[in-house]
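Open your viewer, and let us take a short walk through this model together. Each stop tells you what to select and what you will find there.

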Amino acid sequence: SSGINAEYGENNYFDVIISNCVVNLCPDKKAVLSEAFNVLKPGGELYFSDMYTDTNQSELVKKDNVLWGEGFAGALHWKKFQELAHQVGFSAPCLVSCSPIDIEREDFKQMLGEAKYCSATYRLFKPLTLLPKDSDPFECNSGVGLVTYKGEILHHEESFIVDHKLTLHRGIQTLVPLQIVNILRHSRFSSDFVFQPVENGDKNGCCNEWNHLENPFDVLERKAENGEKLKSSKKSKGA
């Protein structure tokens, strides 16, 4: 977990860290997230994809070397991941995308039982101003704000994807839950937006619909119910 810091020798070094299905292979997830947090600059971002599960892994699964190698044994419960992110000091995770993981090997099915797995991409921001440890980034910060994207981020001049529910388009004022407003204000992208308070109307209008403690498996279920074709990100076939 100290490899990044050991190589570069200092904290607050990186603007962004990108990872693809690596964290689940590490036994100590909190140490990995903590080290990423330490070496990111204030406002920096951990943008990463990983495997998650909807159940608490059994000791039998956790001790199986083959399942570890395939990523299943090390997959975090989705809610535990969000709790660890908060403990480390990150802003609330933004779920960018998710896809189901199909299990086709019969021996894996027998060991994993009814557990479900998915691949999910999140963006985690190290706040410009550190959050108090007793704060709850998952609570519904009452109300909404107006956000306008300036269109100045390279290769994203027309629009900026915050998460799977919110895309901000250049020059268009958008009503955004305050939780997302605060994430952006304390991120490396803070100067790329114009933030304004909502002076009139219903300030709580979209708040109840915007739960950032979001279950990716519920997201996948809603997509399936809406007729969206879900492409599996991984299939474990017979050896």
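How many aromatic pairs does the count come to? The count is 14 aromatic pairs, where rings of Phe, Tyr and Trp (its six-membered ring) pair if their centres lie within 6.5 Å, and planes under 30 degrees apart count as stacked, over 60 as edge-to-face and the rest as tilted. This is a predicted model, in which local features need pLDDT of at least 70 and side-chain atom pairs count only at pLDDT 80 or more, while totals for chains, interfaces and linings use all residues. Residues are numbered from 1 along each chain as its sequence is written, and side-chain values use heavy atoms, leaving out hydrogens and water.

Select Phe 37 and Phe 90 first. Their ring centres are 5.1 Å apart with planes at 90°, so this pair is edge-to-face. Phe 37 lies in helix α2 and Phe 90 in the loop between α5 (78–88) and β4 (94–103), so the pair ties together parts 53 residues apart in sequence; helices (H or I, at least four residues) and strands (E, at least two) are DSSP runs, numbered from the N terminus. Phe 37 is buried at 9% relative accessible area (buried means under 20%, exposed over 50%, partly exposed in between, with a 1.4 Å probe and protein chains only). Phe 90 is buried too, at 0%.

Now pick Tyr 52 and Phe 81: with centres 5.2 Å apart and planes at 50°, the pair is tilted. Tyr 52 belongs to strand β2 and Phe 81 to helix α5.

Finally, select Phe 125, Tyr 149, Phe 160, Phe 189, Phe 193 and Phe 195, which ring pairs link into a cluster.
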